[in-house]
Amino acid sequence: MSVCGGPGDAAAPRLRPRAALMARRPELLCGAAIVLGCAFLIALKVTCSRAKDVTMPAKLPVNFFSTRSPVVDLFRGQLDYADQLRQDSDIVFYFFYAPWCGQSIAARAEIEHVASRLADQVLFVAVNCWWNQGKCRKQKHFFYFPVIHLYHQSFGPIEYKGPMSAVYIEKFVRRVMTPLLYISSRSKLLDFLSNYEPGVVGFFEFNASPQPPGYLTFFTSALHSLKKDHLGTMRFGVVTDRRVAEQISLVHSGSVYLHRHANTSLIYPKDIMNFTAENICKWALENREMLIRWLRPHGGKSLLLNNELKKGPALLIFLPYNPLAEIHPLLDEITKVALEYHKCNKSQAAEADLQRAGDSDSPAFDSSVADAQLELSEAFPIAKYPCCNTVVLPQWHSISRTHNVCELCVNQTLGVKPNKVHVPHCNFLEIEAALDSFYLQEHTFFQVISNTIECSNFLSFYSPFSYYTACCRTVNRHFLSFMSSEKTIFQTPKVAFSSHGKKDNTQFSIPHIEDRNCFIPDLNISSTNITGLSCRTNKTLNLYLLDSNLFWIYAERLGASRSTHLKEFAAIVDLKEEVHYVLDQNQSLVGPTLENFIKNFSVLYSPLKRHLVDDPSVHLDEEHVVTEVTTSTFQQAVFLSAKNVLLLYYAQWCGFCASLNHIFIQLARLLPPDSFTVARIDVTRNDLPWEFMTDRLPTILFFPHQRKEQSVKFPEDLSVNLPNLLKFILHHSSLSPSEPCTKECLHKESVLQQGHISHLEREIQKLRSEISALHQAHDQLEAQLSAARREEQRLQQQKHTLEKQHKTLQLHSEQLQATYDLKNQELLEMAEKLQELADASENLLKENALLRILVASRGGKLQSKDEIEEPLQSEQTLSEDNDLSLPTATAALEEKKIDNIDTIETEHSSGNRTE
């Protein structure tokens with residue numbers, strides 16, 4: 001009879017051998033676990049190596065301004081919310097920034113300062129335009145940060161491009177808040193028009209209506225001017241009183257007036273141009289008068305200064321400026337100088353008045369002229385120092401038809417002599433300029449046929465202060481008569497005023513002197529001699545102002561002192577002539593000083609000296625082998641030195657100059673230091689007089705002792721090496737053969753030569769010892785090189801051996817890789833089998849548990865069966881005697897009960913298996 005029944009009876013015989021095998025060999029189970037662990041680690045490594053790079057998301061932006069700041073900080077770029085805020089405010093200030101931008105960070109404190117002062121009138125909004133998820137980044141495409149936009153109600157944006165300084169930003173915001181200045185009286189009108197900035201005045205009567213026609217257009221034109229001119233150089237004002245408007249010829253309401261100082265003021269032409277805000281702004285900007293301009297470089301790469309300096313000579317004035325201050329005394333003085341400098345109409349009118357007053361009937365003028373003549377004759381006597389030159393006219397010249405010789409003279413009694421600078425009384429350059437002017441101005445006195453001596457006065461194109469005269473005549477063989485007339489010409493003791501082109505019928509003639517009194521410095525046309533000077537010279541200056549609080553670094557580059565506490569400085573820069581002049585910083589920057597500075601520049605032969613840029617970081621140091629020369633030490637180290645000087649011109653960027661350094665160091669060590677100096681100068685950081693500048697690098701100049709004016713340049717066709725330099729120096733350091741030399745001189749020269757020879761012999765001996773040492777070092781190097789070659793051969797052999805070994809190892813590595821792949825595949829298969837084995841063992845364990853349960857239940861059933869059989873046996877014993885037919889029935893009944901019990905157990909085991 002079967003112990004277990006049902007479907008599990010067939011699977012049990014198959015699992016028993018495997019379970020028995022695992023029970024007999026437990027090491028197999030451990031090995032399988034180890035293999036599975038290794039396979040898991042390999043799979044994990046391969047999976048991690050093939051993982052993709054993970055990009056971290058950007059961090060969320062934070063507040064750029066503090067929460068207590070009056071600035072509304074939209075640090076997530078909420079541009080739509082900013083537009084909503086703008087609808088509720090009249091004046092809105094937008095500050096677009098990037099959190100990483102250094103300029104934005106620097107401007108943050110300035111914006112907070114302005115907001116603290118104007119927060120009750122202006123809404124300040126800061127928007128982060130760098131957050132990639134914000135609307136500002138998506139809608140605005142700025143190329144730089146920070147950006148400032150202002151809105152006046154619905155008008156805007158007005159971009160601010162000035163300095164990121166609180167005072168300048170506040171000034172611009174206030175101009176946007178009140179673009180028009182209301183002028184209610186004549187005094188306010190006078191103050192408005194006296195300002196150096198261009199002024200535009202509109203006349204509108206508010207009596208008829210609360211908003212006269214055209215007023216809103218004029219108001220908008222003022223905002224347009226701020227949009228196009230961020231410096232705010234144009235000022236707009238409005239007049240509401242007709243009596244005040246009549247002072248500037250405004251009669252009709254709606255008229256616009258543009259005030260100009262040096263030129264005629266204008267009224268807006270309504271009949272030609274439409275009365276629109278854009279047209280008014282364009283008309284004012286095109287016709288404005290800029291006597292003096294502010295320059296505000298933004299600090300980055302810009303062509304602003306270059307474009308302005310290309311226009312001509314520029315006077316750059318640096319002064320501390322506060323835009324919010326009500327009064328600027330220094331600026332007012334500079335403005336007066338600029339107005340007088342450009343006031344050409346006034347000077348011409350004054351000249352006409354003086355010419356009318358110059359008649360013989362005017363005794364007052366005679367006395368003034370006599371006084372002027374006396375002062376001029378005392379200061380610059382022409383009789384003592386005549387400056388004339390005889391010019392023989394060429395045959396092609398038109399004047400040669402009537403005359404063939406002219407006497408050309410420079411009138412030194414006239415002309416501005418700034419600061420009483422003493423110049424040579426007769427200069428070749430003056431004669432040359434007079435000659436050029438003479439050929440250009442011949443039409444002023446030329447007549448076709450004339451037998452008399454013709455004299456004329458003419459003005460040079462290049463100088464408004466110097467005056468030339470010419471007397472021409474025909475010279476025959478009797479040349480002595482002309483010589484006597486020449487002698488008589490300059491013996492006049494007085495200054496004669498005559499008309500232009502006057503002729504003298506006598507044999508002798510007197511040179512004419514200009515009758516325009518405006519060129520006499522002592523006869524003042526107005527309170528200053530600078531009046532109208534810009535129209536009387538070809539060296540007209542453009543005047544510029546710079547705030548020294550912001551741009552003092554430019555002044556330092558031009559020559560301003562770095563240690564000064566008062567940041568006031570003036571310099572004239574002439575880009576075409578490549579020169580610039582600096583006003584003496586010991587003098588205070590006031591009106592008269594500035595006038596003298598301008599006049600000194602304007603004369604033909606200016607007494608101003610070209611300012612030479614010096615490198616302050618280098619000083620004369622005798623301890624160096626090669627002396628470093630600068631602009632300030634050039635005179636002392638080269639000209640005042642009692643030695644022969646060899647000077648090298650170099651630059652930091654010059655590679656050829658750097659290659660000569662070791663040659664000059666050797667040369668400085670060879671030459672005796674008590675007689676020779678080897679020096680160099682960086683021409684990119686130090687300026688020299690023009691006669692000592694060079695246009696080629698490197699350049700070598702030699703300045704011999706006691707003959708420094710006879711400097712010699714090292715030949716360009718020779719290579720720069722030590723022997724050539726020694727020959728060059730020794731050749732030119734000797735005395736010139738043209739100079740006479742006494743016995744004492746020859747003796748000194750021989751002693752000097754002997755000293756040089758002995759010094760060179762000592763140096764040669766040192767060189768010989770160095771050469772022998774070099775030979776020894778050469779032999780040692782040869783031995784080391786031979787050993788190195790042998791070592792190289794050995795290394796080559798080792799290299800070939802290692803290469804063979806490398807190839808062998810590479811093959812072995814490939815074999816190992818193949819074996820590894822094979823073993824890896826086997827491990828995977830083994831892992832699959834082990835997995836199946838593990839599944840089977842798990843099933844076996846479950847069946848074993850079920851079998852135990854069945855065995856336990858079967859034991860219980862057998863026990864109950866024994867208990868049932870005991871009473872049956874006793875009954876059977878009792879009934880054997882009574883009924884012999886009962887055993888058969890009892891046996892049948894027992895078998896039936898056993899079958900029922902087996903059926904119940906089978907169903908129970910099947911149910912357990914199902915569960």
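Okay, a contact here means heavy atoms within 4.5 Å. With that in hand, take the contacts in the protein chain with a separation of 6 or more: 71% of them are between residues 24 or more positions apart. Keep in mind that what we have up is a predicted model.

Some overall numbers, then. The chain has 915 residues, and 37% of them count as buried. Its secondary structure comes to 24 helices and 24 strands. The protein chain exposes about 54,800 Å², and 55% of that is supplied by carbon and sulfur atoms.

Let's go to the sheet with β1 in it. It's an open sheet of five strands with mixed pairing, and the order is β1-β3-β2-β4-β5. Why do β1 and β5 count as edges? Each of them, β1 being 72-74, has a single partner strand, so one side of each has no neighbour in the sheet. From one strand to the next, the twist averages 20°.

Look inside that sheet at β2, residues 91-97. β2 and β4 are antiparallel, paired over six bridges. If you want one to click on, Val 92 has Tyr 151 in β4 as its bridge partner. Then there are the helices. Helix α4, residues 102-118, packs on this sheet and touches β2, β3 (123-128) and β4. The direction of α4 makes about 165° with that of β2. Helix α8, residues 215-228, packs on the sheet as well, touching β4 and β5, and its direction makes about 30° with that of β5.

The peptide bond from Phe 145 to Pro 146 is cis, with omega near -5°. Pro 146 sits in the loop between α5 (135-139) and β4 (147-152). Gly 156 and Pro 157 are also joined by a cis peptide bond, with omega about 0°, and Pro 157 is in strand β5, residues 155-160. In the loop between β4 and β5 you'll find Gln 153. Its phi is near 55°, which is positive in a residue other than glycine. Is Gln 153 buried, partly exposed or exposed? It's partly exposed, since its relative accessible area is 47%.

On to the other sheet. Again we have an open sheet of five strands with mixed pairing, this time in the order β20-β22-β21-β23-β24. β20 (627-629) and β24 are the edge strands, each pairing on one side only. β20 runs parallel to strand β22, residues 676-682, and three bridges join them. Glu 628, for instance, has Arg 680 in β22 as its bridge partner. Helix α22, residues 722-733, packs on the sheet and touches β21, β22, β23 and β24. The direction of α22 makes about 30° with that of β23. Helix α21, residues 661-670, lies across β21 (644-650), β22 and β23, and runs at about 155° to β22.

There's a positive phi here too: Gln 706, near 65°, again not a glycine. Gln 706 is in the loop between β23 (699-703) and β24 (712-713). With a relative accessible area of 65%, Gln 706 is exposed.

Last stop, the surface. Which residues make the nonpolar patch of about 270 Å²? They are Leu 767, Ile 771 and Leu 774. Leu 774 belongs to helix α23, which spans residues 743-879. Leu 774 counts as exposed because its relative accessibility is 56%, and the cut-off for exposed is over 50%.

Note on methods:
Residues are numbered from 1 along each chain as its sequence is written. This is a predicted model: local features need pLDDT of at least 70, side-chain atom pairs count only at pLDDT 80 or more; totals for chains, interfaces and linings use all residues. Side-chain values use heavy atoms; hydrogens and water are left out. Patches are made of residues with over 30% relative accessible area and no salt bridge: like charges are joined within 9 Å, nonpolar side chains (Val, Leu, Ile, Met, Phe, Trp, Tyr) within 5 Å. Accessible areas come from the Shrake-Rupley method with a 1.4 Å probe; for residues, only the protein chains shown count as cover. A salt bridge is a side-chain nitrogen of Lys or Arg within 4 Å of a carboxyl oxygen of Asp or Glu. Helices (H or I, at least four residues) and strands (E, at least two) are DSSP runs, numbered from the N terminus. Buried means under 20% relative accessible area, exposed over 50%, partly exposed in between (1.4 Å probe, protein chains only). Two strands pair if DSSP finds at least two bridges between them. Axes are lines fitted to C-alpha atoms, for helices over the stretch in contact, and angles run from 0 to 180 degrees between N-to-C directions.
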